[in-house]
Amino acid sequence: MAASTKFLFSSFLFLFLSSSFFNANAHPLKACMFNAIYQLGDSISDTGNLIRENLNTPFSHLPYGEMFFNNPTGRCSNGLLMIDYFALDAGLPLVNPFLNKDASTNHGVNFAVAGSTALSSELLSHKKIYSPVTNSSLNHQLDWMFSHFNSICYNQRDCNEKLSNALFLVGEIGGNDYNYALFQGKTIKEVKDMVPDVVQSIKTAVEKVISYGATRVVVPGNFPIGCFPIYLTGFQTNDTSAYDELHCLRDLNGFASYHNEQIKEVIEVVKKENPHTVIVYGDYYNAFLWILRHAFVLGFDEAALQKSCCGVGGNYDFSLMKMCGLPGVEVCPNPNERISWDGVHLTQKAYKFMAHWLIHDIFPKLHCLV
């Protein structure tokens, strides 16, 4: 396709996507009239808990947070995360981290902690997997959530009333269980054997938030991890058959899909057990692939789709002295042209597109207008 023809086609497609995808019912979550958002998860959604556990994490330094906040907030990106766009779309303030005791909790609380796992560090240790970042696993976050609701509710009935118009996000969680295992030498088959335990932990968390009073719950799946720079760097191979048409590692994406299918099955089970609760799958996998397939139209640099913005040479550097956020580590000139921020997490722009894709996907399933 000639360059001029490609430009005209992409311009037309961008206008079409903009009008149909973003402008029609521009803030659909407002129709749900949510008064609060409660988040469990890991670095995909942490808005500042880890940096209050550990001030020495790279996420507590610029360039993290530089795009939107002009200072690091603990978000593992150059700016906003998906949870932030969910809040903005719902017409709510950004959700504050639980460990920020001076922040308002009137519109929800974020319990997510970067580096956290679905399984406890003790259970992972039994599997000979080391959890190096935090001990605030999913169960720990649920304890925080329970203590918070105990502090604002007189009794269960009061909690049911207070939480009846809240949105709960359980995850994404579990990705780090797999990340740690794979990068500590476990095979994909060995990690696949972990999936039932991880999924059961997520199922238990969904059941607990329902018992607290949740009426609308979103349970995200995993990303196509085989498309991320950290995996493309760590598991690179000369075997061309290992890659798909998007230059993603087939086996790793197959594993992520396997995890996601188990999550979907669990959601159906819990829905049958709780017919009065709306439980929706958050399709991170296809939201990310949509961005990858439409990258040129969305303004991303096609020559650097799987290169990180912050990091040495655009690849993920496993040296602890060359991680994003440490002195001397380079940042690309225009983060808005990159999907990956640091090889593991996405840029604000990529999260924005993912959030909008997800909101438009889940909104009809939340039955807010019934």
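**Cysteines, sheet and helices**

Mentor: Let us begin with cysteine 76, which is buried, with a relative accessible area of 0%. "Buried" means under 20% relative accessible area, "exposed" means over 50%, and "partly exposed" lies in between, using a 1.4 Å probe and protein chains only. Please note that this is a predicted model, in which local features need pLDDT of at least 70 and side-chain atom pairs count only at pLDDT 80 or more, while totals for chains, interfaces and linings use all residues. Residues are numbered from 1 along each chain as its sequence is written, and side-chain values use heavy atoms, with hydrogens and water left out.

Trainee: How many disulfides does a search of the whole structure find?

Mentor: A disulfide is a pair of cysteine sulfur atoms within 2.5 Å. The search of the whole structure finds five. Counting the bonded cysteines along the chain, their pattern is 1-10, 2-3, 4-5, 6-9, 7-8. Cysteine 76 takes part in no disulfide, and the nearest cysteine sulfur, that of cysteine 324, is 9.7 Å away.

Trainee: Which parts does the pair of cysteine 32 and cysteine 368 tie together?

Mentor: Start with the bond: cysteine 32 is joined to cysteine 368, S to S 1.9 Å, and the link is right-handed, with 85° about the S-S bond. Cysteine 32 lies in the loop between α1 (3-23) and β1 (36-40), and cysteine 368 in the segment after α13 (348-362), so the pair ties together parts that are 336 residues apart in sequence. In these names, helices (H or I, at least four residues) and strands (E, at least two) are DSSP runs, numbered from the N terminus. Cysteine 32 counts as buried because its relative accessibility is 10%, and cysteine 368 counts as buried at 17%.

Trainee: How many residues apart in sequence are cysteine 227 and cysteine 248?

Mentor: The sulfur atoms of cysteine 227 and cysteine 248 are 2.1 Å apart, with 105° about the S-S bond. Cysteine 227 lies in the loop between β4 (216-220) and α10 (229-234), and cysteine 248 in the loop between α10 and α11 (250-273), so this pair ties together parts that are 21 residues apart in sequence. Both ends are buried: cysteine 227 has 2% relative accessibility and cysteine 248 has 0%.

Trainee: What order do the five strands of the open sheet have?

Mentor: The general idea is that strands of a sheet pair through backbone hydrogen bonds, either parallel or antiparallel. Two strands are said to pair if DSSP finds at least two bridges between them. Here the open sheet runs β2-β1-β3-β4-β5, with parallel pairing. The edge strands, β2 (108-110) and β5 (278-282), each pair on one side only. Strand β3 (residues 166-170) is joined to β4 by three bridges, and phenylalanine 168 has valine 217 in β4 as its bridge partner.

Trainee: Which residues of helix α6 are buried, and which are exposed?

Mentor: First the general idea: an α-helix has 3.6 residues a turn, so residues three or four places apart point the same way. In α6 (residues 156-163), Asp158, Cys159 and Leu163 are buried. They cover an arc of only 120° around the axis, judged by the directions from the helix axis to the C-beta atoms, which puts them on the same side of α6. On the other side, Arg157 and Glu161 are exposed. The buried residues pack against β1, α5 (138-152), β3 and α9 (195-212), where contact means heavy atoms within 4.5 Å.

Trainee: Which backbone nitrogen does the side chain of asparagine 253 reach at 3.4 Å?

Mentor: A polar contact is a pair of N or O atoms within 3.5 Å; within protein, one must be able to donate a hydrogen and the other to accept it, and residues adjacent in sequence count only if both atoms are side-chain atoms. Asparagine 253 lies in helix α11 and is buried, with a relative accessible area of 5%. Its side chain reaches the backbone nitrogen of isoleucine 225 at 3.4 Å. The backbone nitrogen of glycine 226 lies 2.7 Å from a polar atom of the side chain of asparagine 253. Not counting residues up to four places away in sequence, asparagine 253 also touches other residues, including Cys227 and Cys248.
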